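Please work through each task before reading its solution.

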Amino acid sequence: AIKAAIFDLDGVLVDTAHYHYLAWRRVAERLDIPFTEADNERLKGVSRSQSLEYVLQKGKESMHADEKREWAARKNAWYLEYLSALNESHLLPGARAYVAWLKKAGVRIGLGTSSKNAGVILERLRIQDWFDAAVDGSMVAQTKPDPEVFLKCAHLLHVRPECCLVLEDSTAGIQAAKNAGMKCIGIGDKHVLTEADRVVSGLQELLPSKEASP
Ligand code: G6P
Ligand code: MG
């Protein structure tokens, strides 16, 4: 039985995935590297530095470590610029109701995100108190698809991996959940998120009117 639900943040609870995309596209444009929605799909769930590596690889561009740090910082500054207007209205449909329903059913709630901006985002959305445990990009050495972030969260929740359900919008994140030995529901397009146990278009589809138990 499912005892814990571990949520990814960007693209699952909050509508920030598009801002990440806009910021990376801006980086790619400046570097004269072609960047499509399909390229972006590979960056979802992946740490900032690793994402930059993908972009540079795509453009067959090599760069010194200092310069990489500068571009990563620039990307984040643009991203934060897009985030400046973030508020509770950016919570994705069904997020609040689904989490409330899980809690009522006694399911523990975790956060498992690659983002180092998670603190700011949770605060803006006023949802810090939703989580029994939260693990973000500053607390792990490996990025998704490595299972570290989810295993760490399960550990903090005192729930065995096989009793955890992960909610993820990214291919890398779904692989991370599977690598952790967890169940995974993909949020998005089932033709893209083929490795998930099940795919829904949004958390609202998981609400109890359509589903009997977590
Ligand atoms: C999430 C997003 C990624 C992002 C990563 C790191 O996983 O899906 O697109 O690259 O977090 O985010 P950060 O906010 O630390 O740059
Ligand atoms: Mg995500």
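**Exercise 1.** Determine how the shell around ligand 1 divides by class.

*Solution.* The shell holds 2 nonpolar, 12 polar and 4 charged residues. Here Ala, Val, Leu, Ile, Met, Phe, Trp, Tyr, Cys and Pro count as nonpolar, Asp, Glu, Lys and Arg as charged, and the others, Gly among them, as polar. Of the 18 residues around ligand 1, those that come nearest are Arg48, Ser114, Ser115, Lys116 and Asn117; a residue is near a molecule if its C-beta atom, placed from the backbone, lies within 6 Å of it.

The model is predicted: local features need pLDDT of at least 70, side-chain atom pairs count only at pLDDT 80 or more, and totals for chains, interfaces and linings use all residues. Residues are numbered from 1 along each chain as its sequence is written, while chains are lettered from A and ligands numbered from 1 in the order in which they are written.

**Exercise 2.** Describe how helix H3 and helix H4 pack.

*Solution.* Two packed helices are described by the angle between their axes and the distance between the axes.

Step 1. The axes of H3 (residues 48-58) and H4 lie 10 Å apart, at an angle of about 110°. Helices (H or I, at least four residues) and strands (E, at least two) are DSSP runs, numbered from the N terminus. Axes are lines fitted to C-alpha atoms, for helices over the stretch in contact, and angles run from 0 to 180 degrees between N-to-C directions.

Step 2. H3 and H4 are therefore roughly perpendicular to each other. Angles under 35 degrees count as roughly parallel, over 145 as roughly antiparallel, 65 to 115 as roughly perpendicular and the rest as oblique.

Step 3. Arg48, Ser49 and Leu52 of H3 make the contact with Lys68, Trp71, Ala72, Lys75 and Asn76 of H4. Residues are in contact if their C-beta atoms, placed from the backbone, lie within 7 Å. This contact has 3 nonpolar, 2 polar and 3 charged residues.

**Exercise 3.** Is Thr143 buried or exposed?

*Solution.* Step 1. Thr143 is located in the loop between E3 and H7.

Step 1. Thr143 counts as buried because it has 20 C-beta neighbours inside 10 Å. The cut-offs are 20 or more other C-beta atoms within 10 Å for buried, 12 or fewer for exposed, and partly exposed in between, with C-beta atoms placed from the backbone.

Step 2. Beyond its neighbours within four places in sequence, Thr143 is in contact with Val46, Ser47, Gln50 and Ser114. Thr143 and Ser47 are 96 residues apart in sequence, yet 5.8 Å apart in space, C-alpha to C-alpha.

Terms used:
Contact = placed C-beta atoms within 7 Å.
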